[in-house]
Amino acid sequence: MADNKAVNLTEETARRWLKERGVEIRDIADLVFYLQEKYHKNLSIEECIENVERVLSKREVQNAIITGIQLDVLAEKKMLEEPLQSIIAVDESLYGIDEILAFSIVNVYGSIGFTNYGYVDKQKPGILARLNDKSTGQCHTFLDDIVGAIAAAASSRLAHRAAGGDRG
Ligand SMILES: [Mg+2]
């Protein structure tokens, strides 16, 4: 049962760290609603929450969350070594690994996720605007992409299911 314990610890940690970094399930569900309301008549926020929950229950998503948030937190505490410390602390635009990590989340529900991800990344609605606010002293270099990716994946899941597909 050691494996089972590790799974639970990963999920529990991913969910707790999101919360500790200021991201609630509802914030991500709001992004899903923003992305999907024009395509689904009578879309409810509860449906969005349910799809976010299902994305968060995936191990590969949890792994991306804990890896990205750990790097953000270490950068905030100035505990990384150079040049990585400065690159992550200032959110250098050419770095790109934050986006690569987020793609591992977007990938879970297939290619329409990429369109949704690109869209929220450009528009930065809701929680994404706050995570991108550099004046707070907090470092969310990885977290902003992770949150956008969870919303994009949840949107894809919702769309697949509305179209009659079932991808878990
Ligand atoms: Mg980023």
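## Helix 4 against helix 9

Helix 4 and helix 9 cross in a left-handed sense (left-handed if the near helix is turned anticlockwise from the far one by less than a right angle, right-handed if clockwise). On the helix 4 side the contact uses Val61, Ala64, Ile65, Gly68, Ile69 and Asp72, and on the helix 9 side Leu143, Ile146 and Ile150 (two residues are in contact if their C-beta atoms, placed from the backbone, lie within 7 Å). The two axes come within 9 Å and cross at roughly 160°; axes here are lines fitted to C-alpha atoms, for helices over the stretch in contact, with angles running from 0 to 180 degrees between N-to-C directions. That makes helix 4 roughly antiparallel to helix 9 (angles under 35 degrees count as roughly parallel, over 145 as roughly antiparallel, 65 to 115 as roughly perpendicular and the rest as oblique).

## What you are looking at

This is a predicted model, in which local features need pLDDT of at least 70 and side-chain atom pairs count only at pLDDT 80 or more, while totals for chains, interfaces and linings use all residues. Residues are numbered from 1 along each chain as its sequence is written.

The chain has nine helices and zero strands, with helices and strands taken as DSSP runs (H or I, at least four residues, for helices; E, at least two, for strands) numbered from the N terminus. With 168 residues, a compact globule would have a radius of gyration near 15 Å, and the chain's 16 Å agrees with that (the radius is taken over C-alpha atoms, and the globule rule is 2.2 Å times the number of residues to the power 0.38). Along the principal axes, the C-alpha atoms fill a box of roughly 50 × 45 × 25 Å. Buried residues account for 36% of the 168; buried means 20 or more other C-beta atoms within 10 Å of the residue's own, exposed means 12 or fewer, and partly exposed is in between, with C-beta atoms placed from the backbone. Take the contacts between residues at least 6 apart in sequence, and 78% of them join residues at least 24 apart.

Helix 4 covers residues 59-76, and at 1.5 Å a residue its 18 residues should span 26 Å; the end C-alpha atoms are 26 Å apart, so the two agree (the expected span is 1.5 Å times one less than the number of residues). Its buried residues are Val61, Gln62, Ala64, Ile65, Gly68, Ile69, Leu71, Asp72 and Ala75. Just past the end of helix 4, Lys78 takes a positive phi of about 55°.

## Helix 2 and its neighbours

Helix 2 (residues 25-36) checks out in length too: its twelve residues should span 16 Å at 1.5 Å a residue, and its end C-alpha atoms are 16 Å apart. Ile28, Ala29, Leu31, Val32, Phe33, Leu35 and Gln36 are buried in helix 2, and its buried residues pack against helix 3 (45-56), helix 7 (112-123), helix 8 (127-131) and helix 9 (143-162). Asp27, also in helix 2, counts as partly exposed, with 18 C-beta neighbours inside 10 Å. Leaving aside residues up to four places away in sequence, Asp27 touches Gly126 and Ile127.

With helix 9, the helix 2 axis comes within 9 Å and crosses at roughly 55°. That makes helix 2 oblique to helix 9, and the crossing is right-handed. Here Ile28, Leu31, Val32, Leu35 and Gln36 of helix 2 meet Val147, Ile150, Ala151, Ala154, Ser155 and Leu158 of helix 9. With helix 3, the axes come within 8 Å and cross at roughly 115°, so helix 2 and helix 3 are roughly perpendicular. This crossing is right-handed as well, and it brings Ile25, Arg26, Ile28, Ala29, Val32 and Phe33 of helix 2 up to Ile45, Cys48, Ile49, Asn51, Val52 and Glu53 of helix 3.

## Loops worth a look

The Glu82 to Pro83 peptide bond is cis, with omega near 10°, and Pro83 sits in the loop between helix 4 and helix 5 (84-89). Asn42, in the loop between helix 2 and helix 3, has a positive phi near 65° without being a glycine. Asn42 is exposed, with 6 other C-beta atoms within 10 Å.

Asp91 is in the loop between helix 5 and helix 6 (97-106) and has a positive phi near 55°. Asp91 is partly exposed, with 17 other C-beta atoms within 10 Å. Gly137 lies in the loop between helix 8 and helix 9 and counts as exposed, with 6 C-beta neighbours inside 10 Å.
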